Amino acid sequence: MQDRLFPEEEAPTAPAPRPAPAAAPAAAPQAEPPLRRSRVRPVAPVPWPEELSALAARLPERLHLGTSSWSFPGWNGLVWDGEYTESMLARRGLATYAQHPLMRTVSLDRAFYQPLTVAQYAAYAEQVPADFRFVVKAPALVADALVRREDGQGMRANDAFLDPGLAWSAFVEPALQGLGTKAGALVFQLSPLPPALLARMPQCIARLGAMLAALPPLAQLHAQAPDLVIAVEVRNAEWLVAAFAEALRAGGATYCLGGHAKLPPISEQLPVLRALWPGPLVCRWNLHRAHGAYGYEEAKALYLPFDKLVDPDLETRAALARVARATTAAGHHAYLTIGNKAEGSAPLTVAAMARLLAD
């Protein structure tokens, strides 16, 4: 998980000095040796083809294309100019990633595994240009109905699931304070529900609606982040009913299209988005449908090192291009992040989507 690439380092506490014996003369101060600065090789960007810059200039201003995370050594020659470790890229690759002409957003998936602090969000914001916008996943603390083991197996019910206070204090508030105007879409990606909750969907929708209604109005949040969108992504098709869309509308949120095999195709999710029209678009395209609902490991094994398109999904591209084009033409923001497991290489899919949207 991405959070493991960012260990929290604490400065060691210096021991208290021993008092000098009363009779001992004061020791003459000794000059400290100069600090040795470690030379850390920066992450160099690949020389961008002129075609990409020209393509970026033809895209709508409110369109934000990007990938799901950025710490992939296999993007050498696509984003990076050189061989770097995953840890090195996780720590130092974002600023280079954000120089890519087409990358105007990225999904901070790390936030799902552990709530991030204001300082951590601010450190990310400092590395990207003014027109860059982040898509951030809410922590599992509030977005998962189960407390899970390291391997993802559910252990017990999560009493904090969709807790309004935690949704604000552990997610929305620190993200806004840290990212400021660079906050784009804050996404509550709701993990798969256990059978007991799937049998009680009206209550689950009401609980979601209560959490969204408890957040400050979107117009108030726009004072800190003018382009902010609150979105909800799901992993069970049972959510996709009229009452769900109504709860989103009442709470000032939108639906995040989920490019994932646990859900129907993008084209079959659009009725929920139409019920909220006009409004922004948020989509996280993560997994090619050919691999099935639990096909992440299969896709990873097939697509590594994520440097080429293996399974182009022209149907999903076309559906997303249509809705992104309509959204930006209507004056709303469109946030689209793409994972390597969607087609094999997220940067190449981003370029393919850009060409489709520019034509």
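Reader: Which residue just after helix 7 takes a positive phi?

Author: Gly 180 does, with a phi of about 60°. Keep in mind that this is a predicted model. Here is the general idea: most residues other than glycine have a negative phi. Now look for residues that depart from that pattern. Leu 162 is one of them, with a positive phi near 60°. Leu 162 sits in the loop between strand 5 and helix 7.

Reader: Is Leu 162 buried or exposed?

Author: Leu 162 is buried, because its relative accessible area is 2% and the cut-off for buried is under 20%. Ser 69 can be read the same way. Its phi is positive, about 70°, and Ser 69 is not a glycine. Ser 69 lies in the loop between strand 1 and helix 2. At 6% relative accessibility, Ser 69 counts as buried.

Reader: How do I read the length of a helix? What span does helix 7 reach?

Author: Compare the end-to-end distance with the span expected at 1.5 Å a residue. Helix 7 covers residues 164-179 and has 16 residues. From first C-alpha to last it reaches 21 Å, close to the expected 22 Å.

Reader: Where does helix 7 bend?

Author: At Val 172, by about 35°. A proline, Pro 174, follows within four residues. Check the start of the helix as well. There, a side-chain oxygen of Asp 163 comes to within 3.1 Å of the backbone nitrogen of Gly 165.

Reader: Which residues of helix 7 are buried, and what covers them?

Author: The buried residues include Ala 167, Phe 171, Val 172, Pro 174 and Leu 179. Among the elements that cover the buried residues of helix 7 are helix 5, strand 3, strand 6 and helix 9.

Reader: What about helix 16? How many of its residues are buried?

Author: 10 of its 13 residues are buried, so helix 16 is largely enclosed by the rest of the structure. The buried residues include Pro 347, Val 350, Met 353 and Leu 357. Their cover includes helix 1, strand 1, strand 9 and helix 14.

Reader: Which peptide bonds are cis?

Author: The general idea is that most peptide bonds are trans. A cis bond joins Trp 277 and Pro 278, with omega about 0°. Pro 278 lies in the loop between helix 12 and strand 9. The bond from Leu 304 to Pro 305 is also cis, with omega near 5°. Pro 305 is in the loop between helix 13 and helix 14.

Reader: How many disulfides are found?

Author: A disulfide is a covalent bond between the sulfur atoms of two cysteines. A search of the whole structure finds 0. Take Cys 283, which is in no disulfide. The nearest cysteine sulfur, that of Cys 256, is 6.2 Å away, and the cut-off is within 2.5 Å. Cys 283 counts as buried, at 1% relative accessibility.

Reader: Is Glu 268 buried or exposed?

Author: Exposed, at 52% relative accessibility. Glu 268 is found in helix 12.

Reader: Now the whole protein. How many helices and strands are there?

Author: There are 16 helices and 10 strands. Buried residues make up 50% of the 359 residues. The protein exposes about 17400 Å², and carbon and sulfur atoms supply 56% of that area.

Conventions. Residues are numbered from 1 along each chain as its sequence is written. This is a predicted model: local features need pLDDT of at least 70, side-chain atom pairs count only at pLDDT 80 or more; totals for chains, interfaces and linings use all residues. Side-chain values use heavy atoms; hydrogens and water are left out. Helices (H or I, at least four residues) and strands (E, at least two) are DSSP runs, numbered from the N terminus. The bend at a residue is the angle between axes fitted to the seven residues ending there and the seven starting there. Buried means under 20% relative accessible area, exposed over 50%, partly exposed in between (1.4 Å probe, protein chains only). Contact means heavy atoms within 4.5 Å. A polar contact is a pair of N or O atoms within 3.5 Å; within protein, one must be able to donate a hydrogen and the other to accept it, and residues adjacent in sequence count only if both atoms are side-chain atoms. Accessible areas come from the Shrake-Rupley method with a 1.4 Å probe; for residues, only the protein chains shown count as cover.
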